[in-house]
Amino acid sequence: MNVNLQPSHCDCYTGLFKDYTPLKSVCDEFFNPSMEHLPALRTVLRCFDQMPKFKLLELQQRAQELFKRHGVTFNVYKDSEGQEKIFPFDLIPRVVDHREWDMIARGLEQRVRALNLFLADVYDQQLILKDGLLPQETVSSSQGFLPQLIGITPPGGIYIHVAGIDLIREDAHFMVLEDNLKVPSGVSYVLENRHMSKRLLPNIFSQIPIKAIDDYPLRLRHALHSLVAATGREQPLLVLLTPGPYNAAYFEHAYLAYRMGCALVQNHDLFVDDDKLFLKTHQGVKQVDILYRRIDDEFLDPKVFNPSSLLGVPGLMQAYRTGNVILANAPGNGVADDKGIYPYVPDIIRYYLAEDPILPQVETFSCMIQKQREYVLKHLSSLVIKVVNKSGGDGIIIGSQASKEQLSKVSEQIIANPRSFIAQPLIQLSTCPTLNEENITPRRVDLRPFIISGKSTWVLPGGLTRVALVKDSYIVNSSQGGGSKDTWVLGPS
Amino acid sequence: MIPNAAQNSFWMFRYLERGEVAARTLLSAHLFKLENHALSLKAEDILLTLSSEKSIFAQLYPKKFNDNELVQYFLTWQEMNPSSLFNTFKNAREDGKLIRNVIGKMIWKVINELYVWLLHPEAKKLYDIDRQLFYQRFLQQSQQLKGGFYNSQSQDFYYHMMELGIRLERAYQALKNIAYLQAHASVQAEASQRDALGSEFDLTRFLLECNACTDCYLKMNYTFDIQACMNFFLFEKVSPRSLTHSIESLSRTISAMRDLSPQGFPKQLNLALKKSAHALALLSDGNISSKNGMQAQHKILSGLNAVSSSIEATFCKALSICKFM
């Protein structure tokens with residue numbers, strides 16, 4: 001289902017966009033090759049075009065300073081200095097028209113609903129496997145599949161409380177690149193980016209209707225509380241479990257805990273007794289009803305998963321099993337966002353919802369399937385090879401940019417362990433005008449919207465637009481030099 | 001105690017508290033307005049109602065109720081508006097000027113610098129280009145002033161007069177919020193089709209932000225609906241902005257003043273506060289919007305008014321005695 005949003009306006013740019021030239025054969029978020037734009041973008045473009053360049057540079061500089069001053073940072077594990085870094089922010093936003101956004105939101109809601117049903121099935125009757133829609137091995141060999149959880153149904157049947165689904169745009173249409181259903185991160189930067197945009201560009205905000213996103217933490221809190229309401233506990237206790245200040249996303253953990261009004265805890269603040277999870281406080285122990293955990297499944301409970309985990313709470317899974325605590329997100333979600341399962345998601349949507357997927361996704365070759373593997377091995381130099389269990393851009397090989405040695409090595413690895421690899425054609429990620437040093441140039445972007453599910457589902461109008469700051473780069477991940485932009489969903493005026 | 005100085009102490013901190021709430025309200029409205037919230041459509045009306053100066057605005061700018069810029073200007077700069085941010089800080093500074101020896105060098109410096117800055121074109125320029133920072137500056141200065149007050153003042157009669165000013169202003173503010181929520185609840189009841197997390201959610205969130213209560217509200221596990229928010233502003237003992245907390249603090253302050261000066265302490269002050277406290281005790285979750293509840297709220301308000309006039313009367317009495325002496 002596509003929304004007809006053809007560029008129809010062509011204004012004469014004399015300011016910031018005077019020298020801007022979109023990349024050839026690549027979709028640009030603002031302009032088509034003739035520098036035409038969507039009518040809805042007119043005011044935004046005019047405001048930026050009229051801004052003197054020195055002013056934009058000054059504001060950009062101020063944004064970085066304010067981020068530093070406010071401590072909006074992330075940690076990079078690989079960095080030998082182990083320093084906190086500022087997530088580079090580009091003041092020129094990505095803009096999405098509300099008609100297009102409505103379609104995206106419906107598509108995301110549909111996808112999350114289907115994946116939730118998939119999880120419920122996979123951890124219960126496994127009808128989808130019995131019906132032969134998905135090879136049994138695809139699920140059983142997934143690192144994210146936790147057989148220990150078979151037969152456990154979380155309250156309200158909700159597995160995916162928070163989802164971050166990566167979207168890209170090619171040929172003017174959004175499509176899904178990746179699902180993040182375990183502990184998706186990045187929403188704090190979405191909120192901070194918006195805060196910064198409002199701070200530095202109030203005049204633009206006052207001219208166009210931009211959909212509000214600042215209630216995300218309260219929406220999440222409300223969604224999680226709504227699941228406890230069914231149990232009859234009137235004053236549910238919600239806590240956020242962090243691995244600690246050395247975690248890459250610690251800023252986000254602290255930020256969300258503050259904005260959601262819940263305690264930020266580490267494992268030593270919690271214990272399990274009588275199959276219930278308790279928080280140690282100065283007023284005595286208190287039973288925890290909802291644990292918004294920001295640690296991976298394998299570290300959650302050393303009694304059940306990784307016995308050497310120092311981050312988890314012994315006995316937590318038993319408390320979860322008996323329904324005494326809600327874990328958000330539910331453990332075991334990794335099977336649904338496994339890159340090996342991804343190629344089957346359109347079929348999953350059709351199977352559970354009897355609907356066609358609203359959002360298309362990137363064509364993907366599963367190296368598990370012999371025919372597809374053969375195709376991949378033949379066309380390595382034109383494909384993007386991804387390791388199934390890695391994230392953050394790790395392990396990605398872009399065939400056209402790889403050396404012969406790299407391709408030959410990855411070929412051997414695929415043959416040795418086909419389940420661990422998928423391949424996709426190289427997608428020309430859309431570009432967005434981005435300030436680079438003193439010029440505005442096209443840079444590739446993706447988009448991670450966030451979806452919250454409780455009793456109902458809500459899609460944050462916007463998301464984290466990540467931008468590859470390096471020329472010709474396709475890698476937008478923060479750990480590999482990417483930056484971010486605010487995402488403006490224009491409401492109807 | 002010198003009656004004049006006591007009066008200035010009381011009013012300086014009452015104005016400061018009023019100014020702080022006004023600055024936070026204007027900042028919250030500005031931020032809400034920038035994004036496309038359901039509430040932003042009627043932000044001007046909320047601002048004018050909460051300021052209690054709607055009639056002056058109507059006189060100055062007839063039929064301009066929807067002009068957001070004008071409303072912001074009126075509440076920030078307009079000298080004809082006694083509750084404008086400019087006037088509240090100006091009045092606080094005027095009172096402070098008369099009791100420089102009481103408030104000390106640091107507090108005087110902060111309030112004076114803020115006033116001098118307000119007169120400078122730089123302030124108007126900042127208001128135009130970065131309104132967020134403009135209002136934040138007021139809030140920072142106000143926090144600094146209160147921090148200085150609590151850290152450096154000896155707990156004498158003046159200190160208690162300042163405390164009375166802050167607490168009384170907060171009690172009035174709580175009543176104002178409750179009245180606004182009540183008015184909104186009746187409108188909301190008619191629009192039964194609305195999204196449960198729609199304007200009701202935005203309104204409670206907005207009022208909490210204006211009063212710096214969001215953290216407390218979340219920690220005490222309140223839900224974002226009008227009834228819960230009214231309960232919070234009425235009864236929540238943990239929140240320094242609730243009516244219960246304010247009245248209890250007023251009572252403690254009055255007791256402390258009585259201990260300091262049993263002879264000179266006016267009985268009517270205590271009696272007036274008791275009137276409010278008794279009326280508050282008549283209220284409960286279930287009857288806030290009932291006839292009895294409304295009567296109780298009127299009694300609370302008249303009790304607070306009596307506290308305020310009793311304080312004024314005390315000063316006048318003391319002043320007239322001084323004159324005759």
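Tutor: Fine. Start with Arg170(B), which is found in helix α9 (residues 157-190) of chain B. Keep in mind that this is a predicted model.

Student: Is Arg170(B) buried or exposed?

Tutor: Arg170(B) has a relative accessibility of 9%, and the limit for buried is under 20%, so Arg170(B) counts as buried.

Student: And which residues is Arg170(B) in contact with, leaving aside neighbours within four places in sequence?

Tutor: Glu17(B), Lys146(B), Pro240(B), Arg241(B) and Ser246(B).

Student: Next, Thr253(B). Where is that placed?

Tutor: Thr253(B) is in helix α13 of chain B, which covers residues 243-260. With 5% relative accessibility, Thr253(B) is another residue that counts as buried.

Student: What does Thr253(B) touch, not counting residues up to four places away?

Tutor: His160(B), Glu163(B) and Leu164(B).

Student: Zooming out, how many helices and strands does chain B have?

Tutor: Chain B comes to 15 helices and one strand. Of its 325 residues, 58% are buried. Taking contacts in chain B between residues at least 6 apart in sequence, 65% join residues at least 24 apart.

Student: Now the interface. How many residues of chain B are in contact with chain A?

Tutor: On the chain B side there are 21 residues, in contact with 27 residues of chain A. The area buried between the two chains is about 2100 Å², and carbon and sulfur atoms give 48% of that.

Student: Which residues of chain B lose the most area to chain A?

Tutor: Leu34(B), Glu35(B) and Asn221(B), which together account for 30% of what the chain B side buries.

Student: How many salt bridges are there between chain B and chain A?

Tutor: The count is five. One of them joins the side chains of Arg199(A) and Asp130(B), at 3.2 Å from N to O. Eleven residue pairs are in polar contact across the interface, with both residues at pLDDT 80 or more.

Student: Which elements supply the chain B side?

Tutor: α1 (3-34), β1 (35-36), α8 (131-152), α10 (199-210) and α11 (214-219) of chain B each supply at least two residues of the side that touches chain A. By residue type, that side divides into ten nonpolar, six polar and five charged.

Student: Over to chain A, then. What covers strand β7?

Tutor: What can be said is that both faces of β7(A), residues 238-241, are covered. Leu238(A) and Leu240(A) on one side, and Val239(A) and Leu241(A) on the other, are all buried.

Student: Which strands does β7(A) pair with?

Tutor: One is β12 of chain A (residues 290-293), which runs parallel to β7(A) and is joined to it by four bridges. In that strand, Ile290(A) is the bridge partner of Leu238(A). β7(A) also pairs in the parallel sense with β8 of chain A (residues 263-265), over three bridges. There, Leu241(A) has Val265(A) as its bridge partner.

Student: Now the open sheet in chain A. What is the strand order?

Tutor: β14-β17-β15-β16, four strands with antiparallel pairing. The edge strands are β14 (365-366) and β16 (397-398), each pairing on one side only.

Student: How many bridges are there between β15(A) and β16(A)?

Tutor: Two, in the antiparallel sense, with β15(A) covering residues 383-387. Ile385(A) has Ile397(A) as its bridge partner in β16(A).

Definitions and conventions. Residues numbered from 1 in each chain as written. Chains lettered and ligands numbered in written order. Predicted model: local features only at pLDDT ≥ 70, side-chain atom pairs only at ≥ 80, totals over all residues. Heavy atoms only, no water. Contact = heavy atoms within 4.5 Å. Buried area = accessible area lost by both parts, 1.4 Å probe. Salt bridge = Lys/Arg side-chain N within 4 Å of Asp/Glu carboxyl O. Polar contact = N/O pair within 3.5 Å; in protein donor to acceptor, adjacent residues only side chain to side chain. Nonpolar A, V, L, I, M, F, W, Y, C, P; charged D, E, K, R; others polar. Buried < 20%, exposed > 50% of the residue type's maximum accessible area, 1.4 Å probe, protein only. Pairing = 2+ DSSP bridges.
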